[in-house]
Amino acid sequence: MLEKTKTVLSLQRIHFSYRGGAIPVLAGVDLEVARGGWVTLVGPSGCGKTTLLKVACGLLRPARGRVLLAGEPVDPRGKVAYMPQHDTLLPWRTALGNLLLPAEVEGRPRKLARREALSLLSRFGLDAFANSYPGQLSGGMRQRVALIRTFLTEREVLLLDEPLSALDALTRAELRDWLRGIWEELGRTVVLVTHDVEEAVVLSDEVCVLSSRPARVLGRLAIPLPRPRDPTSSETSRLRGEVLACLRGGSHD
Amino acid sequence: MTKGWNLRGSAISLALLALLWEVGVRVGGVPPYILPAPSRIFNTFLAELPLLFSHAGTTMAEVVLGLFLGSAGGMGVALTLFYLPSVGRALYPLILGLQVTPVFAIAPLLVLWLGYGIWPKVAVAALISFFPIAVNVTDGLRSVGEEMVDLLRTLGAREGKTFRLVRLPASLPFLFSGLKVASTLSLVGATIGEWIGAQHGLGYLMLHANALLRVDLVFAAILTLTLLGLALFGGVALLERRFLRWRKEGKNS
Ligand SMILES: Nc1ncnc2c1ncn2[C@@H]1O[C@H](COP(=O)(O)OP(=O)(O)OP(=O)(O)O)[C@@H](O)[C@H]1O
Ligand SMILES: [Mg+2]
């Protein structure tokens, strides 16, 4: 199926426990993500999804197992973009100022970064908010800004930890389409964590189902449907059912 | 902050109080060397303006220098507590001990050691302003969430950059809260330092005038001190408004 060279991020047999934690969190998790692809992780609350993302971006070092980027075993710290689960916009910076953060940390020229940020803001419908502070923005707008900031990191792989979960249903559906649009246009590799099975099926190439803690991979489901996908179509409902069945199967044992 | 005050109400109640005082003194025939009428105090204030101004200059210099040194020391201690917790834990009882010892009890010693010039008063003002700054800035440094630091790390930032881009700006509101408390306290500290031994300054002027039974001049000096305190507080509040514009604007929506 996938050629070896097309795999951009690969996690092999990852084991992890927090210091002092009696039960391990990750018990041999494997993950392969193709360049330009979209893999979504679903799993019960507290199973270790955030922990897995933190291992993938080098914030946590696995006890066993390897992280490979483009086939090379490396320390992924600083090489993979990560959007934390909770709001991490700097409240003292405007939306535009927040978008300049990655360039500032990396020491890229400010003028160029500014131009790039402004063009993304207007391309994705946020130019009216460039000079607003996060405190003045709605939850949905804040997440849009944080997502654009993640795309501005110039990393190939983006790890998104439940970016839409804190939003109301209407905003969430709206942002789901918006996020698919920005991904299709900017073309990056995405690993998304979500609790929402419909979101997983509508957005991704593959859904990876994790067991409850300690996390193992219960199953992978390819979603071979053309985008944009209708969340109410019979095909998506069938796949949703399969993901749910896989999740339930894991909680029996 | 000042917007919350009812300026007209304050002015009216102040005027009423002055009127009551004026009438009480005149009708009761209280001699001016016990309690001068407000009109008399105000006349003295105007007549002795150059004298008051010159003494206020000395007191203000002591306060500003003390505030500056106290803030520098307080921030240094906060940084130590944050970055070198083991050193901090060793120092903490010492700092706390220094704080619970009334600075005014040490003031005579300071005069003994540092002479009759401005330095013992600067020292009192510094010692008294140091604690609120240290406590507030420590809280400020600790206010930065784990996820924010994680984000900076995945962008490739080391602690130096994280400090400059996140911890320092996050501490600013806390620093200003500390400065507001410290600025008023240090004025009290400098005045009391001047009571203990001085050749110049508003505290010295008060003692001197008291000895000459010039109670009107004592009150004029108190009035000057009040105005100084208000100016200091106002100055800090103004700086705060200038630096923390995002807080105000953030709440508008
Ligand atoms: N710093 C830590 N120290 C010890 N245990 C932790 C730590 N962080 C998380 N855990 C535990 O590890 C497990 C996995 O946590 P993690 O945050 O990865 O789960 P999650 O799948 O992202 O959960 P959620 O769906 O709630 O976001 C949980 O049981 C949690 O209590
Ligand atoms: Mg999580």
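This text goes through the contact between two chains and then the surroundings of a ligand. The model is predicted, so local features need pLDDT of at least 70 and side-chain atom pairs count only at pLDDT 80 or more, while totals for chains, interfaces and linings use all residues. Residues are numbered from 1 along each chain as its sequence is written, chains are lettered from A and ligands numbered from 1 in the order in which they are written, and side-chain values use heavy atoms, with hydrogens and water left out.

Chain A brings 28 residues to the contact and chain B brings 19 residues, where contact means heavy atoms within 4.5 Å. Together the chains bury about 2100 Å², with 66% of it on carbon and sulfur atoms. Buried area is the accessible area (1.4 Å probe) that two parts lose on being put together, summed over both. On the chain A side, Trp92(A), Val105(A) and Gln136(A) lose the most area to chain B, together 30% of what that side buries.

One salt bridge is counted between chain A and chain B. Lys54(A) and Asp150(B) form a salt bridge through their side chains, at 3.5 Å from N to O; the term means a side-chain nitrogen of Lys or Arg within 4 Å of a carboxyl oxygen of Asp or Glu.

Ligand 1 is surrounded by 13 residues, each with a heavy atom within 4 Å of the ligand. Among the closest are Gly46(A) and Lys49(A). A polar backbone atom of Gly46(A) is 2.9 Å from an oxygen atom of ligand 1, and a polar side-chain atom of Lys49(A) lies 2.8 Å from an oxygen atom of ligand 1.

Methods:
A polar contact is a pair of N or O atoms within 3.5 Å; within protein, one must be able to donate a hydrogen and the other to accept it, and residues adjacent in sequence count only if both atoms are side-chain atoms.
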